[in-house]
Amino acid sequence: MEKNVILSLKNVSKTFPVGKSLLGRPTKFVHAVNDVSFDVYEGETFSIVGESGCGKSTTGRLINHLLIPDSGEIWFQGKEISHISQDEMRPIRKDMQMIFQDPAGSLNPRMRVSELIEEPLLIHTDMSAEERAKIVNNLLKIVGLSDKHASRYPHEFSGGQKQRIGIARALTVNPHLVIADEPISALDVSIQAQVLNLLHKLQEEYKLTYVFISHDLSVVEMISDRIAVMYLGFVVETAPKEMLYKTPLHPYTEALLSAVPIPDPTLHKERIILEGDIPSTINLPKGCPFAARCKKCRPECLEQRPERVEVEPGHFVACHLYKK
Amino acid sequence: ACGGGDKAAESTTAQAAGETTTADAAAVKESKAAKQEASTAKSPDNDIVIALQADATHLDPHVSSNGVSNQITNEMYETLLTFDEDTNVVPLLAKEWSVSEDGKSYTFVLNEGIKFHDGEPFNAESVRAVYDRGLKDSSLTLQRTINAWEDVVVDSEYQVTIKLKEPNNTFINKITQFRIVSPKAMAMENASDYLAKNSAGTGPFVLSERVDGGYTKMVRNENYWQEGPSVDSLTFQVVPEDAARIAMLQTGEADVIFPVPTTDVSQIENDPSIIIDVAPATTYRYVTLNTEWALPDGRKPFADKRVRQAFNYAFDSEAYAKVVFNGYAKEPTSIFSDSIRFYAEQTPYKPDLEKAKALMKEAGFEDGFDVELIVDNTTIEQKGAVFVQQQLSQINVNVKVLPNESTANAEKTSAPLEDTTVQMWYVNWASGSYEADGSMRNILHGEKFPPEGYNTAFWNNEEFNQLLDDALKMTDDAQIAEAYAKAQAIAWEECPWIFLGNDNTINAYKTYVTGLQYKPGGTMVFRTVGLDHE
Amino acid sequence: MPNTQNEQVKTDTSFEENYIDENVSVKTNKTKEFIKKFMKRKTAVAAFFVMCFLLLMALFGPSLAPYAPEAYDYDNILAGPSASHLFGTDQYGRDIFSRILAGTPLTLGVSLSSVIVGAALGTVLGLLAGYYGGWIEMLVMRGADVLFSFPDILLAIAIVALLGPGIVNVFIAVAVFTVPSFARIMRSATLAVKGSLYVEVARSLGCKDGRILFVHIFPGTLQSLIVNFTMRIGSAIMAASSLSFLGFGANIADPEWGAMLSLGRSYLSTAPHMVYLPGLVIFITVLAFNLFGDGLRDTLDPKIK
Amino acid sequence: MSQEVLLSVKDLRTEFFSSKTSSVTAIKDVSFDMYRGEVLGLVGESGCGKSVTSLSIMQLLKDTPGKVTNGSATLDGVNLVEASDTQIRDIRGGKMSMIFQEPMSALNPSMRIDKQMIETIRLHQDMTKEQALAHAADMLKKVGIPDPARVLKNYPHQLSGGMSQRVMIAMALSNNPELLIADEPTTALDVTIQAQILDLMKKLQKEDGSSILLITHDLGVVAEMCTRVIVMYAGKIVEMAPVEKLFATPSHPYTQGLIASVPKLGSGVKVLPSIPGSVPDLASMPTGCRFAPRCKYATDKCREQEPELLDISEDQKCRCWRTQEG
Amino acid sequence: MGRYIARRLLETIPLMLIISIFVFMFIHLIPGDPARTLAGVEATPEEIEAIREEFGLNDPLLKQYADYMIGLFKGDMGRSLKSNIPVTELIWSRFQFTIQLVCAGLVWAPFLGIFIGVMCAIKRGTWVDLGGMFLAICGLSAPGFWLGLMGIQFFSVKMGMLPSAGLESWKSLVLPSLVMGTGIMATLARYSRSSMLETLREDYVRTARAKGQKESIVMFRHAFKNSLIQVVTILGLQIGGLLSGSVITENIFSIPGMGRLLVDSISFRDYPVIQGLLMIFALQYVLINLVVDVLYGVINPKIRLD
Ligand SMILES: Nc1ncnc2c1ncn2[C@@H]1O[C@H](COP(=O)(O)OP(=O)(O)OP(=O)(O)O)[C@@H](O)[C@H]1O
Ligand SMILES: Nc1ncnc2c1ncn2[C@@H]1O[C@H](COP(=O)(O)OP(=O)(O)OP(=O)(O)O)[C@@H](O)[C@H]1O
Ligand SMILES: [Mg+2]
Ligand SMILES: [Mg+2]
């Protein structure tokens with residue numbers, strides 16, 4: 001099967017200034033995303049996993065042109081979009097929508113559900129009110145709500161329902177790519193499954209491509225085709241799902257996988273307990289970002305950033321252990 | 001002190017309560033004495049504190065120009081001649097004086113053995129030195145006193161002759177403003193700075209300390225050349241808030257307060273330890289009517305004498321005195337106060353609404369018109385202006401009262417005829433030298449349209465002008481009186497103003513204050529002041 | 001094994017597909033909820049009624065007044081409260097009660113409109129500063145600093161001198177000094193809302209700045225706006241009376257309450273009703289606006305139940 | 001194994017008052033026993049009353065509109081609900097201590113760690129400041145903080161989430177509590193950090209033999225840590241069982257649904273079974289079984305009558321007509 | 001910290017510059033002529049012209065501004081047109097009075113205000129709360145001049161306990177301090193109440209209780225200290241307005257402070273003094289803001305000043 005690249009990140013980096021000098025120039029930078037490259041194919045679910053603060057959301061925002069990268073390129077549907085203006089970006093947004101982690105926060109509490117869902121239509125089309133209402137009602141049904149809900153306010157809904165509204169909104173303009181930034185992590189356990197199933201259903205129906213951001217490895221395993229593991233703003237490993245879970249190459253991926261608690265009291269697996277915390281993103285370590293916590297750390301790891309190598313087809317890792 | 005925009009002179013002062021107070025002046029005096037006798041109150045110390053409403057602008061007597069400044073500097077600086085309580089000119093530093101035949105030179109024989117506070121001797125040279133200072137620096141207020149002079153000649157150590165360019169009947173009054181300062185002090189490079197912090201006069205008090213805006217404290221001049229005060233010190237304290245001044249007198253923090261707001265007189269009237277002094281009036285209140293002002297339709301209402309008269313007939317001076325000054329004001333009987341020399345009584349415009357309406361009808365203003373009245377934004381001034389508004393509403397004239405800062409009003413009222421926006425101006429005037437010319441010229445003479453003067457009625461009556469000009473050069477009192485009487489009659493009949501009334505100061509002091517004297521207009525003189533203290 | 005599981009799943013999803021979530025928890029609508037919450041604050045409710053009463057007074061008071069506010073009676077000056085003059089008379093014998101009634105639209109009008117104008121300007125500036133940041137923010141905030149460090153009395157005097165006297169000065173002075181405080185409050189409110197997720201969502205949907213600013217951000221700042229607004233009304237009335245004290249307030253011919261209060265102070269000892277009664281009315285008004293503002297703040301604060 | 005009861009909760013009911021007369025009942029009929037040395041899990045969805053249960057036991061509802069209106073919680077013979085303020089203060093932080101969900105916000109931001117720890121220790125142990133400080137350092141070392149001296153000198157904001165949680169744990173354990181209530185101690189933390197903390201808690205619990213009431217909504221954590229589990233739904237306990245039994249044979253439909261809807265690593269499914277609908281609102285609880293509106297087995301009886309929490313086997317209790325009736 | 005303060009002080013320079021330009025242009029825009037006022041009504045036009053010449057009032061505005069700024073950099077703020085006293089000296093003498101007033105107000109008001117606020121928060125919903133807040137709002141809606149005059153009537157005239165004017169002893173500070181402080185007290189009471197209420201909901205207060213700490217210590221050590229953080233900002237804003245806002249107090253109690261100087265100078269159009277005062281007010285505002293920020297950092301360790 002010919003795989004079409006719909007989205008491609010090439011050596012994208014992003015820093016945020018913190019602290020100010022006398023003349024108002026920033027003195028320190030948070031290196032949120034460092035030299036990130038990956039391709040996303042049409043129709044697949046590409047997941048980004050990693051711990052809090054590792055740059056997942058920032059990557060998502062960069063793709064969605066909510067942030068402008070410091071360096072690197074972002075190609076979407078064959079167009080370089082990282083440095084175009086907001087006005088040039090606007091038509092492209094039709095094809096690229098985003099769903100956010102916090103369903104409550106992502107819905108303007110002062111707008112009705114119908115207004116929320118039709119907003120993209122207002123921006124991108126010049127449909128009449130009836131046409132919009134028809135689409136809204138249809139979408140509500142698709143995400144499992146009824147058209148009676150259209151005139152209500154977000155606070156009248158439960159978390160799962162709010163997330164459905166968010167999803168409905170993202171779908172209004174028939175996007176090709178949906179970036180889902182931790183769409184279920186704020187939801188209750190029993191609701192998570194509802195939303196995951198919905199996302200899955202929609203993907204099949206509308207041939208959507210997902211960039212799925214999550215910290216939950218069990219969820220990611222369920223939903224993804226390919227996965228990128230991030231650590232401290234770096235992508236340390238990229239692989240198709242099966243490969244990653246069967247043969248995690250990077251020591252961090254291994255630790256991460258082993259740390260996931262299994263909801264089965266009969267299983268007792270050996271955990272890799274990492275020492276210490278994630279280092280600060282302000283002063284990046286000189287060598288491998290993971291070196292300080294890595295059990296397999298070698299002297300060169302402290303000195304030199306590892307290159308990204310393709311260990312088997314489609315399985316990339318950035319670790320000195322796998323240097324060719 | 002001159003009125004116009006002068007806050008200190010107007011303020012909440014009051015005046016002999018219409019008929020009652022002046023008519024029974026003797027009785028009042030008696031009751032004062034009785035009160036003083038009856039009271040056993042004693043001052044806890046021998047320092048006298050006077051609470052004033054405002055502060056002197058400057059202690060250099062040649063710079064300062066307002067009433068308060070003069071009130072304060074007068075205790076440190078003296079003049080060749082001065083006024084007594086009844087507006088008579090009496091000797092002070094000069095023991096006698098004479099006028100030449102042509103009325104152009106005045107010779108003064110000076111008292112001997114007088115020393116300035118800085119130890120310099122006072123003599124004819126020091127009189128000359130003051131004149132020299134005035135010649136050198138044209139920004140000094142001293143200017144106004146000497147601008148009609150030709151020269152000052154030192155005849156001998158204790159005799160000096162002042163030569164005038166032409167005869168001037170105001171000279172003798174104006175010389176009371178000619179304050180003599182030690183030549184040594186004036187010779188300093190920055191004399192004004194020195195004089196702001198030190199006194200160099202011959203007066204009964206010597207400056208000891210001063211906080212600008214706060215108080216000015218003086219101590220007794222131990223080397224004073226004549227009988228002086230018995231108090232150890234004299235402090236003028238600035239107490240802007242009326243109620244606070246009253247409170248200070250009640251608590252004894254102040255021994256004398258000036259002025260007493262008319263609204264508060266009743267509060268202290270019955271206090272056995274407080275004496276209220278109602279001094280005769282020199283401040284004259286009026287509303288100017290711009291005779292050149294035109295309505296939008298081009299008619300000039302105030303150009304018509306009938307309208308101006310109608311305004312005066314519509315105005316009830318008695319009610320004005322009662323409502324605005326709590327009764328402490330007097331009905332106007334001429335265009336300046338009766339305590340000024342050469343005053344000539346006129347027939348008052350008794351309130352007569354019918355007549356006023358008739359006059360308005362005759363003039364074609366039966367339905368009235370809209371007019372603006374500018375006024376300073378102090379409480380008492382605004383109060384009066386609103387009263388005017390109410391009175392004129394009876395003849396359908398709709399007055400819009402525009403209270404503003406005195407500085408802003410001064411700017412407006414000094415605009416020349418072609419730029420002026422003044423329609424009516426609620427104002428008052430008091431000649432600093434208490435003479436007739438000074439009470440009329442600047443505000444009524446045809447040559448004194450702004451910015452030259454304050455004739456904001458833009459009233460130009462040839463005959464009136466001529467009378468003033470002639471009288472100025474006359475030397476015979478009878479002639480002068482006649483000319484001024486004529487001038488007053490003309491202005492009264494022509495009425496370029498609404499004549500409101502004369503009010504004056506009410507001072508109050510503790511019964512243990514003795515020897516307090518007055519100059520005309522209620523200015524206090526502390527030369528012989530004492531305190532009955534423990 | 002995988003097979004059975006898949007089948008199990010299939011049935012479940014089909015169940016899921018046909019399932020439409022009707023079970024939206026039935027909460028009352030927002031306004032009703034708000035009113036309910038507000039009604040619990042008894043003082044604020046009382047304050048609200050006082051405000052309504054004041055409003056009625058402003059609308060109908062002047063026509064209900066027993067005397068014309070300008071009607072003077074020199075034979076009856078400074079008379080204390082009596083049956084014919086409820087609140088007594090003033091220095092011209094005018095009926096104080098009638099003047100207070102007549103002054104209601106004036107006083108409330110000036111304080112309301114000046115705060116409205118000041119708040120509107122401040123709000124726009126604050127919104128722009130908070131949203132765009134950069135030099136606009138710098139300009140607005142430094143401007144606010146300048147104004148904050150600028151004594152209001154100077155401005156009042158300047159306005160009087162420039163534009164002439166009257167109630168307009170009070171209006172302008174209060175309005176101008178309302179601007180920076182609103183600019184500040186609105187800026188920080190804007191910053192807070194700007195950082196909220198739904199604004200980022202709006203941007204990701206492709207909203208233009210104007211829409212983001214006015215449809216998404218502005219309504220979110222309304223809470224701080226309204227609360228600050230009600231509190232400011234009280235200070236505006238107070239400011240008017242302080243300006244009158246210094247001679248830069250309303251024309252004394254106008255029955256503006258602050259001016260009445262400050263002019264009445266000369267009669268504090270001789271005719272105290274001149275101060276107490278207008279003072280009481282001002283006090284109640286300021287109290288009402290403040291208590292209402294407090295209640296509103298508490299009601300709008302989601303953390304307070 | 002028959003064990004000594006440490007904490008006995010009976011018919012606990014807590015209501016939140018929005019005014020003097022109107023209130024919502026957040027938890028109702030909560031009864032359970034906790035044994036010495038066990039780790040008891042308390043799971044349920046957000047808002048089901050887990051935290052309220054723990055706060056009610058700790059008597060920490062002050063400054064909230066909440067009040068325990070019924071029942072008792074007896075710790076070592078003392079009924080906490082009725083105990084005097086001094087009694088409670090004596091127990092809190094001593095015999096019974098607590099760790100909260102958000103470690104960062106649970107530490108006083110303007111106080112250094114050493115002060116906060118010394119305060120805790122000296123409230124319950126007769127020590128000088130120096131002794132207390134030494135003890136604090138010991139405790140920090142025990143929870144795996146490599147450089148206690150430095151951490152003690154820090155302000156909370158200078159610590160990472162994992163560090164803060166360790167400090168909280170050290171603080172909670174510093175007076176050798178018999179009962180530790182941990183309200184979602186790792187929810188705010190990352191997986192790898194969570195693993196560290198859980199590891200640590202397990203170790204300390206084994207060493208000291210204290211009991212832990214572990215509140216969480218993560219079934220993985222429960223499976224890993226607990227000996228017994230209580231499942232709550234909408235303010236009530238719906239099931240109570242030893243952990244293995246709960247996962248192997250969940251009896252309440254809600255528990256079943258919950259366990260089924262959690263994705264398991266390596267299970268290979270693409271679509272999860274899910275429980276439709278959402279948790280009912282406190283103010284408008286359905287009559288009958290509270291889970292009935294979402295339950296695929298619900299009958300009319302379920303909708304009308306509320307079942308009791310009854311033993312369905314010797315160590316398993318369930319609140320469901322279906323299981324109770326066969 | 002030192003560097004932070006230095007930086008903030010440096011930052012004030014452009015602000016002061018802006019203010020100076022703004023102020024200069026502004027006060028010259030106000031109509032009114034100091035020369036005319038200085039000369040008095042009987043003055044001749046020549047006399048007025050001479051005064052204008054002497055004070056350089058006839059120069060182009062830009063030159064006047066340049067002269068002023070040059071003087072300023074040399075530390076010379078010029079001389080009062082009215083009294084001819086150097087502006088620095090004049091302001092300094094007035095400052096001494098005003099600062100006494102300000103201090104007198106600050107001695108009690110913030111403390112009482114915070115105390116009332118905190119008590120109201122702790123006892124919220126009770127009559128203590130109601131009474132405290134009523135008091136606070138009374139304080140907010142009582143005009144300063146009214147308070148002052150009533151104070152004089154009662155304490156000075158009726159009781160004879162306190163002087164009604166001047167600043168001689170501590171006694172004369174009592175009434176002014178009442179007028180100066182009431183507003184601050186009231187505002188702070190309200191703010192500290194809501195701030196304390198907010199703090200009481202924080203998790204760490206619960207933690208402190210969970211330790212078994214006594215309620216009083218929980219309130220003071222854990223809640224109160226943290227609630228101060230917000231209060232400090234408000235206090236700063238309040239103090240910022242005191243120096244220039246003391247005019248009414250100064251008027252009522254006959255104190256020659258900066259507020260009265262300002263009003264007098266404005267009505268006199270005494271440009272150098274107005275300018276000097278405004279620069280001082282601005283500087284004061286900036287400094288207080290700085291102090292507040294530093295204090296903020298001290299109370300709130302999260303904020304590092306560097
Ligand atoms: N606007 C910003 N300004 C400064 N720093 C930022 C900004 N946005 C993100 N960061 C920093 O960049 C880093 C990466 O943040 P990001 O939100 O991408 O992490 P994440 O992986 O999504 O974490 P989480 O799982 O917590 O959402 C973090 O250290 C964060 O503090
Ligand atoms: N202070 C409060 N005021 C009013 N209601 C409250 C308060 N605290 C909790 N509740 C209510 O009590 C119920 C139980 O809340 P609780 O905090 O115990 O839930 P939880 O199970 O701990 O949820 P989570 O997993 O979100 O922490 C909730 O519905 C909540 O609305
Ligand atoms: Mg994120
Ligand atoms: Mg909880």
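How many residues does the contact take from chain D and from chain A? The contact takes 42 residues from chain D and 42 residues from chain A, where contact means heavy atoms within 4.5 Å.

This is a predicted model, in which local features need pLDDT of at least 70 and side-chain atom pairs count only at pLDDT 80 or more, while totals for chains, interfaces and linings use all residues. Residues are numbered from 1 along each chain as its sequence is written, chains are lettered from A and ligands numbered from 1 in the order in which they are written, and side-chain values use heavy atoms, with hydrogens and water left out.

**Stop 1: chains D and A**

Select chains D and A together. About 3400 Å² is buried between them, 61% of it on carbon and sulfur atoms; buried area is the accessible area (1.4 Å probe) that two parts lose on being put together, summed over both. Next, display T192(D), L265(D) and K270(D), which supply 21% of the area that chain D buries against chain A, more than any other three residues.

Then show E224(D) and R271(A), which form a salt bridge with their closest N and O atoms 2.0 Å apart. A salt bridge is a side-chain nitrogen of Lys or Arg within 4 Å of a carboxyl oxygen of Asp or Glu, and the count between chain D and chain A is one.

Colour the elements of chain D that give two or more residues to the side touching chain A: α8 (191-208), α9 (219-225) and α10 (243-248). Helices (H or I, at least four residues) and strands (E, at least two) are DSSP runs, numbered from the N terminus. Of the elements, α8(D) gives the most to this side, with seven residues. By class, the side of chain D that touches chain A has 20 nonpolar, 13 polar and nine charged residues; Ala, Val, Leu, Ile, Met, Phe, Trp, Tyr, Cys and Pro count as nonpolar, Asp, Glu, Lys and Arg as charged, and the others, Gly among them, as polar.

**Stop 2: chains C and B**

Move to chains C and B, where the contact takes 24 residues from chain C and 26 residues from chain B. The area buried here is about 2200 Å², of which carbon and sulfur atoms give 53%. Select Y74(C), Y92(C) and P165(C): they supply 26% of the area that chain C buries against chain B, more than any other three residues.

Two salt bridges are found across this interface. To view a salt bridge here, show the side chains of D75(C) and K322(B), which meet at 3.7 Å, N to O. Helix α6 (residues 152-163) of chain C gives the most to the side of chain C that touches chain B, with three residues.

**Stop 3: a sheet in chain B**

Within chain B, select the open sheet of four strands, with the order β5-β6-β8-β7 and antiparallel pairing. Two strands pair if DSSP finds at least two bridges between them. The edge strands are β5 (94-99) and β7 (149-156) of chain B, each pairing on one side only.

Focus on β5(B) and β6 (residues 105-110) of chain B, which run antiparallel and are joined by five bridges. In β6(B), V109(B) is the bridge partner of E96(B).

Finally, show chains A, B and D. No contact joins chain A and chain B, whose closest C-alpha atoms lie 42 Å apart. Chain B and chain D likewise have no contact, their closest C-alpha atoms lying 47 Å apart.
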